[in-house]
Amino acid sequence: MSDAAAPPPPSVIPDVHAASVADIKAALAAGWADFRKAPAFGLFFAGAYVAGGLFLYWVLVVSDQVWWTIPITLGFPLLGPFAAVGLYEVSRRIEAGEPLDWPGVLGVIFRQKDRQIPSMAAIIVIFFLFWNFLGHMIFALFLGLRAMTNISSSFEVFFTVHGLAMLAVGSAVGAVFALILYATNVISLPLLLDREVDFVTAMITSVKAVSASPGPMLGWAAFIAIALFLGMLPAFLGLFLVLPILGHASWHLYRIILPETGQGG
């Protein structure tokens with residue numbers, strides 16, 4: 001996306017290119033290189049996630065103010081796409097040889113409010129809310145009629161027949177939701193930054209990209225999940241390294257799958 005005030009004309013989306021394992025390795029290497037070139041930006045955008053994660057931990061574990069989970073569930077996913085756009089923009093500028101300056105990068109993020117990124121953020125929030133509803137429903141179906149103490153301290157309930165069944169069903173349903181969310185977002189977010197397309201077209205293109213190379217793309221999804229999990233273990237501090245590399249790598253993977261720049265960019 002250029003810095004010009006006038007929006008670019010609608011972009012023509014080329015056919016997606018199938019990605020290979022070698023492509024994903026190349027994208028990761030490029031993501032690491034981008035992070036090394038502009039570490040301050042990566043640490044800044046990762047810091048938003050780390051601060052949010054630490055605040056969520058404090059709310060749920062330390063302060064025991066569970067009522068905060070509703071506004072956090074609504075607000076935290078909204079920050080994700082805009083923080084990701086910041087990392088994409090940094091990679092785009094490095095790729096194009098454009099200067100990296102804070103007003104320019106933050107200005108691009110601010111201007112997304114008038115484009116399609118907010119619609120994608122709304123879709124993500126709807127997914128979170130619907131999964132939250134299904135999670136409560138699954139819990140009620142399997143454990144709602146059983147006498148229980150505080151489940152945050154009485155973990156033995158999860159090792160009962162009903163508890164294990166709830167974990168199995170909940171994990172399966174959650175995996176399906178995660179797959180849908182991944183398939184519709186892995187390419188759509190950088191595509192919406194780079195080109196002038198509507199969010200539905202971007203989501204469809206993202207699903208096509210996953211369908212074109214399901215093995216490597218599902219492997220990429222598994223790698224992201226494992227990397228994020230490991231990054232959260234040392235008090236979320238590992239995310240300062242993991243998130244910028246994944247964000248930059250996602251941009252380069254997008255470039256591999258849709259190599260033609262077309263309009264925008």
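We'll start with the whole chain and then zoom in stop by stop.

**Stop 1: the whole chain.** Keep in mind that this is a predicted model. How much of the chain is buried? Of its 265 residues, 40% count as buried. Now try a surface view. The accessible surface comes to about 13,500 Å², and 75% of that belongs to carbon and sulfur atoms. Of the contacts with a separation of 6 or more, 76% are between residues 24 or more positions apart.

**Stop 2: the largest core.** Select Tyr182, Val186, Ile187, Met217, Trp220, Leu253 and Ile257 and show their side chains. They are the residues with the most contacts inside the largest nonpolar core, which has 46 residues. Which helix gives the most to this core? Pick out helix α10, residues 239–257, which supplies 7 residues. Stay with Ile257 for a moment: leaving out residues up to four places away in sequence, Ile257 touches Asp15, Val16, His17, Ala19, Ile187, Ala209 and Met217. Another core, of 5 residues, lies apart from the largest one, and Ala46, Val50, Phe236 and Leu239 are among its members.

**Stop 3: Thr184.** Head over to helix α6, residues 161–185, and find Thr184 there. Is Thr184 buried or exposed? Its relative accessibility is 10%, so Thr184 counts as buried, the cut-off being under 20%. Then show what surrounds Thr184: not counting residues up to four places away in sequence, Thr184 touches Met120, Met203, Ser206 and Val207.

**Stop 4: the start of α4.** Go to helix α4, residues 102–111, and colour its buried residues: Gly104, Val105, Gly107, Val108 and Ile109. At the start of α4, look for Asp101, where a side-chain oxygen comes to within 2.6 Å of the backbone nitrogen of Gly104.

**Stop 5: the rings.** Time for the aromatics: the structure holds 11 aromatic pairs. Select Phe130 and Phe133. Why is this pair called stacked? The ring centres are 6.3 Å apart and the planes of Phe130 and Phe133 sit at 15°, and planes under 30 degrees apart count as stacked. Both residues belong to helix α5, residues 117–143, and because they are 3 residues apart, about one helical turn separates them. An α-helix has 3.6 residues a turn, so residues three or four places apart point the same way. Phe130 is partly exposed at 42% relative accessibility, and Phe133 is partly exposed at 48%.

Next, select Trp220 and Phe223. Here is another stacked pair, 5.9 Å centre to centre with 10° between the planes. Trp220 and Phe223 both lie in helix α9, residues 214–232, again 3 residues apart, or about one turn of the helix. Check how covered each one is: Trp220 is buried, with a relative accessible area of 1%, whereas Phe223 counts as partly exposed at 39%. You've already met Trp220, one of the residues with the most contacts inside the largest core.

**Last stop: a cluster of rings.** Which residues form one aromatic cluster? Select Phe127, Phe130, Trp131, Phe133 and Phe177 together to see the cluster they form.

Technical notes: Residues are numbered from 1 along each chain as its sequence is written. This is a predicted model: local features need pLDDT of at least 70, side-chain atom pairs count only at pLDDT 80 or more; totals for chains, interfaces and linings use all residues. Side-chain values use heavy atoms; hydrogens and water are left out. A nonpolar core is a set of buried Ala, Val, Leu, Ile, Met, Phe, Trp, Tyr and Cys residues joined through side-chain atoms within 4.5 Å. Buried means under 20% relative accessible area, exposed over 50%, partly exposed in between (1.4 Å probe, protein chains only). Helices (H or I, at least four residues) and strands (E, at least two) are DSSP runs, numbered from the N terminus. Contact means heavy atoms within 4.5 Å. A polar contact is a pair of N or O atoms within 3.5 Å; within protein, one must be able to donate a hydrogen and the other to accept it, and residues adjacent in sequence count only if both atoms are side-chain atoms. Accessible areas come from the Shrake-Rupley method with a 1.4 Å probe; for residues, only the protein chains shown count as cover. Rings of Phe, Tyr and Trp (its six-membered ring) pair if their centres lie within 6.5 Å; planes under 30 degrees apart count as stacked, over 60 as edge-to-face and the rest as tilted.
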